[in-house]
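Me: Please take a close look at one part of this model, the sheet. I would like one connected description that I can follow on the structure.

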Amino acid sequence: MSLAHARSWKRAATTLSDDRLSSVARSAGTGSVEPPSRRPQPIMARTHKPGLWKYRSVEFVAYLSIVLAGCVLFEEEEVIYLNKAMEIHATQAEVKRRLGVPKDTQSLPNGETLWKYQVWTNTGGDLNGPGESYCDEYSLRFDRQAALREWTHHDC
């Protein structure tokens, strides 16, 4: 039964009396007439409740903000400092005051200077055994005026 036919059938069923209903049904070619209350309703599968996407999007945003906050909270203090130092073009003296004496220094052919720092971190132990140690290496490039221009991070 087509959608237009079903709509006309519904209109006919609500406006016509029972005796006229049977004649409409015969002309439509259905052959039998069921009272409107017993007619099978269309089965519509609903995959979600109306408005549920609002809650899902709120859950997603909350989850994403927790993950991003976790990334910021566990960022190493050297990384936070070096990002700020890059913005203000900190001098070698300022960096040395904050991070200490570099492990290695090199003078580059173009007059720039390269400093390398190694930072060892111990995760601490527990009842299951000693913690793990890991090393982060930071390479800092200073221009001819001794201002920080670039830095990189590597695992040792």
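**The sheet and what lies on it**

Reply: This model is predicted. Helix H4, residues 77-88, lies across S2, S3 and S4, and runs at about 160 degrees to S4. Helix H5, residues 92-99, lies across S2 and S3; its direction is at about 15 degrees to S2.

Now the sheet itself. It is an open sheet of 4 strands in the order S1-S2-S3-S4, and the pairing is antiparallel. The edges are formed by strand S1 (104-107) and strand S4 (148-155); each has a single partner strand, so one side of each has no neighbour in the sheet. On average, neighbouring strands are turned by 20 degrees against each other, with direction ignored.

In general, the strands of a sheet pair through backbone hydrogen bonds, in a parallel or an antiparallel way. Here, strand S2 (residues 113-122) and strand S3 (residues 133-142) run antiparallel and are joined by 10 bridges. One of the bridge partners to look up is Arg141 in S3, which is paired with Leu114.

Strand S3 also holds Ser139. This residue has a relative accessible area of 11%, and it counts as buried because that value is under 20%. Leaving aside residues up to four places away in sequence, Ser139 touches Leu114, Trp115, Lys116, Glu150, Trp151, Thr152 and His154.

Terms used:
Residues numbered from 1 in each chain as written. Predicted model: local features only at pLDDT ≥ 70, side-chain atom pairs only at ≥ 80, totals over all residues. Heavy atoms only, no water. Pairing = 2+ DSSP bridges. Helix = DSSP H or I, 4+ residues; strand = E, 2+ residues; numbered from the N terminus. Axes fitted to C-alpha atoms, helices over the stretch in contact; angles between N-to-C directions. Contact = heavy atoms within 4.5 Å. Buried < 20%, exposed > 50% of the residue type's maximum accessible area, 1.4 Å probe, protein only.
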